[in-house]
Amino acid sequence: MKSCGMLHRLTAVLTAAVLLSTLLLAGCRLPTDSPPAPQADSSTDDWEDFSGVYFPPKGGTGGRSATIKYMGETAAEIFEAADSAIVGEVVEISESAEDDKSYSQVRIHRVLKGSRQAGETVAISETGLRRDDLNDTSFDGVPLLRTGMRVVLFLMPPTTLKNGETGCGIRGLYLGKYLIDPEDRVVYSGTLGGDDAMMLKDCTEPLPLEEFLSRLPLGNESSMA
């Protein structure tokens, strides 16, 4: 009886081994296998990575073109041509497809030039339209202002905008638009799109904010407490 029992057990072991080999050869997964490791999400974030600076990518022109008066080839020269200049943050946006305009409300943190006050909000008008896929249509495809952006803006004199608000345009289309990245570096918007003829020779690379400001002929600036 003992030899019979051992024979049954040996037969069972051999049967299990054959079954296991068959399953493995067939590429089947045993119930005791651990689930496959989750795959990394390959989707990109809403904000594109531009050499370590997070801003929307270059968009399209939508057929827009313009000719502007020569104002210089450095940020300091564009600053001198501006009516006012501020450091601030975009807190609200809107647009009008009918007028081909995008509008932003910018809360002022520092006044670099002009009579505005820190803490105020100024309305900004840009030509072009924002797109949900972030590929804005604008002059030379330069990204338009969006909520949350921190900016340095060189502005034109106040005027009545097409949406009826009193506000300002940016001096020289985008020559007066500079974006501040999470590391407090200033990025000339023309490097995010733009035309070679609109490149500023002192803003080809991101600059620390205070270094950028030190290159401007500042007077008595004011800032939020």
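Q: Where is T147 found?
A: In this predicted model, T147 lies in the loop that links β6 (137-138) to β7 (150-155).

Q: Is T147 buried or exposed, or something in between?
A: T147 has a relative accessibility of 43%. The range for partly exposed residues runs between the 20% limit for buried and the 50% limit for exposed, so T147 counts as partly exposed.

Q: Which residues does T147 touch, leaving out those up to four places away in sequence?
A: The contacts of T147 are V90, V91, E92 and I93.

Q: How far apart are T147 and V90, in sequence and in space?
A: In sequence, 57 residues separate T147 and V90. In space, their C-alpha atoms are 4.9 Å apart.

Q: What about strand β3, then: in which sense does it pair with β7, parallel or antiparallel?
A: Strand β3 covers residues 84-96 and pairs with β7 in the antiparallel sense, over 6 bridges.

Q: Which residue in β7 is the bridge partner of I86?
A: That partner is L153.

Q: How many bridges join β3 to β4?
A: There are 11 bridges between β3 and β4 (residues 101-113), and these two strands run antiparallel. S96 stands opposite K101 of β4.

Q: And which residue in the hairpin of β3 and β4 takes a positive phi?
A: D100 does, with a phi near 60°. The hairpin has 4 residues between the strands.

Q: Changing topic to the largest nonpolar core: which residues touch the most other members?
A: Those are V152, F154, Y178 and F212, in a core of 26 residues.

Q: Which elements each supply at least two residues of this core?
A: The helices are α2 (75-81) and α3 (209-214), and the strands are β3, β7, β10 (177-180) and β11 (185-188).

Q: What does the second, separate core include?
A: That core has 17 residues, among them V106, I108, M149 and L192.

Q: Now the chain as a whole: how many helices and strands are there?
A: The chain has 3 helices and 13 strands. It has 225 residues, and 39% of them count as buried.

Q: Among contacts between residues at least 6 apart in sequence, what share joins residues at least 24 apart?
A: The share is 62%.

Methods
Residues are numbered from 1 along each chain as its sequence is written. This is a predicted model: local features need pLDDT of at least 70, side-chain atom pairs count only at pLDDT 80 or more; totals for chains, interfaces and linings use all residues. Side-chain values use heavy atoms; hydrogens and water are left out. Buried means under 20% relative accessible area, exposed over 50%, partly exposed in between (1.4 Å probe, protein chains only). Contact means heavy atoms within 4.5 Å. Two strands pair if DSSP finds at least two bridges between them. A nonpolar core is a set of buried Ala, Val, Leu, Ile, Met, Phe, Trp, Tyr and Cys residues joined through side-chain atoms within 4.5 Å.
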